[in-house]
Amino acid sequence: MTIQLAKPTDKIELVVDKQVKLGEGACWDPDTQCLYWVDILGKSIHIYNPESGEDKAIGVGTMVGSLAVREAGGLITATTNGFATFDLDSHELNHIAHPETHLPGNRFNDGKCDPAGRFLAGTMAFEETQGAGSLYSLGSDHQVTTLLEDVTISNGLGWSPDHKTFYYNDSPTRQVLAFNYDLETGQISHGRVIITIPETMGYPDGMTTDEAGTLWIALWSGGVVGRWSPDGTLLQTIALPAYNVTCPIFGGPHLNHLYITTARKGMAEKQLEQYPKAGGLFRLKLDGVKGMPSFKFKG
Ligand code: BGC
Ligand code: CA
């Protein structure tokens with residue numbers, strides 16, 4: 001398969017200049033044409049409206065690692081205290097399941113809905129203790145299944161366009177894994193390494209896929225989003241005016257606008273001077289690419 005290079009139609013735009021601590025968890029809502037994202041350490045959910053240019057931050061009082069839109073309305077979130085629905089009118093969190101009540105040193109991190117409407121999200125220790133985290137799948141019946149254990153910083157999830165492959169990053173391993181994905185049962189199998197990120201490029205963080213089947217991976221400590229084909233070929237890199245790049249997602253009416261969250265966490269004073277806009281939300285409009293949609297939670 002020949003993969004067309006995506007052409008930027010303009011420069012990287014800083015669409016939300018907020019310098020948050022740990023921007024993450026971006027998710028596109030096709031119905032409202034808005035982007036949801038989070039500041040994990042700032043304990044807030046953000047709603048960015050590209051049409052008005054407004055970004056509304058909602059303090060939720062607890063760390064939200066990731067979220068997705070619910071078919072029933074509102075959001076599903078992965079918080080420090082497990083899975084919770086979030087009401088966009090009352091701003092109330094309603095906790096529904098917590099697989100790690102016995103692990104108070106952990107919090108939820110990256111998550112995303114699968115094409116069947118389950119919500120997958122993983123955990124990590126606040127101290128980033130090796131192997132303390134797991135990856136879970138929350139069904140529409142609110143039952144939780146453990147998919148992986150012995151994970152350190154659970155990150156980057158994505159699916160191939162035929163929904164048969166699931167991609168996953170445990171950041172410190174520098175490896176991008178592929179699994180066979182059974183959409184009917186939600187089970188994963190046959191894990192294999194498809195990409196090893198070179199040391200000079202940093203660590204794989206959030207990730208998204210496009211209709212051509214390529215992977216767009218945010219690189220923490222790398223200052224870029226890299227685009228790889230599933231055979232491990234690096235196709236393109238997009239440099240950002242931020243060092244810790246955390247989560248890319250496609251949005252816009254044609255799913256060809258790449259939104260990218262960034263962080264200030266983990267940066268030295270000198271680096272913050274070098275990257276004063278770190279923590280902002282960025283966008284790159286592209287030609288010749290169409291992202292996979294952000295799937296909704298069916299529960
Ligand atoms: C986590 C951060 C972590 C970073 C490093 C992010 O997804 O939320 O806490 O430092 O990954 O890989
Ligand atoms: Ca992340």
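This is a predicted model: local features need pLDDT of at least 70, side-chain atom pairs count only at pLDDT 80 or more; totals for chains, interfaces and linings use all residues.
I will start with the open sheet. Four strands make it up, in the order E3-E4-E5-E6, and their pairing is antiparallel. Strand E3, residues 23–29, and strand E6, residues 54–59, are at the edges; each has a single partner strand, so one side of each has no neighbour in the sheet. From one strand to the next the twist averages 20°. Inside the sheet, E4 (residues 34–39) pairs with E5 (residues 44–49) over five bridges. In that pairing, Leu35 faces Tyr48 of E5.

Next, the hairpin. Strand E23 covers residues 244–251, and eight of its eight residues are buried, so the rest of the structure largely encloses E23. Its partner is E24, residues 257–263; the two run antiparallel and share seven bridges. Ile249 sits opposite Tyr259 in E24. Five residues separate E23 from E24 in this hairpin, and in the turn Gly252 has a positive phi of about 90°.

Nonpolar side chains in soluble globular proteins tend to be buried together. Here the largest nonpolar core has 19 residues, and those with the most contacts inside it are Trp216, Val225, Leu258, Ile260 and Leu286. Two or more residues each come from strand E20 (215–220), E23, E24 and strand E25 (281–287). E25 gives the most, with three residues. As for Ile260, leaving aside residues up to four places away in sequence, its contacts include Val225, Leu240, Val245, Cys247 and Phe282. There is also a second, separate core of 18 residues; among them are Ile47, Val60, Phe86 and Ala263.

Last, the salt bridges. A search of the whole structure finds eight, and I will go through some of them.

Lys18 pairs with Asp55, with the closest N and O atoms 2.6 Å apart. Lys18 is in the loop between strand E2 (13–16) and E3, while Asp55 is in strand E6, so to speak a link between distant parts of the chain, 37 residues apart. Lys18 is partly exposed at 36% relative accessible area, whereas Asp55, at 12% relative accessibility, counts as buried.

Asp210 forms a salt bridge with Arg227, the closest N and O atoms being 3.3 Å apart. Asp210 lies in the loop between E19 and E20, and Arg227 in strand E21 (residues 224–228), so the pair ties together parts 17 residues apart in sequence. Both Asp210 and Arg227 are buried.

Lys290 bridges to Glu211, with 3.9 Å between the closest N and O atoms. Lys290 is in the segment after E25 and Glu211 in the loop between E19 and E20, 79 residues apart. Lys290 counts as partly exposed at 39% relative accessibility, and Glu211 is partly exposed with a relative accessible area of 46%.

How values were computed. Residues are numbered from 1 along each chain as its sequence is written. Chains are lettered from A and ligands numbered from 1 in the order in which they are written. Side-chain values use heavy atoms; hydrogens and water are left out. Two strands pair if DSSP finds at least two bridges between them. Axes are lines fitted to C-alpha atoms, for helices over the stretch in contact, and angles run from 0 to 180 degrees between N-to-C directions. Buried means under 20% relative accessible area, exposed over 50%, partly exposed in between (1.4 Å probe, protein chains only). A nonpolar core is a set of buried Ala, Val, Leu, Ile, Met, Phe, Trp, Tyr and Cys residues joined through side-chain atoms within 4.5 Å. Contact means heavy atoms within 4.5 Å. A salt bridge is a side-chain nitrogen of Lys or Arg within 4 Å of a carboxyl oxygen of Asp or Glu.
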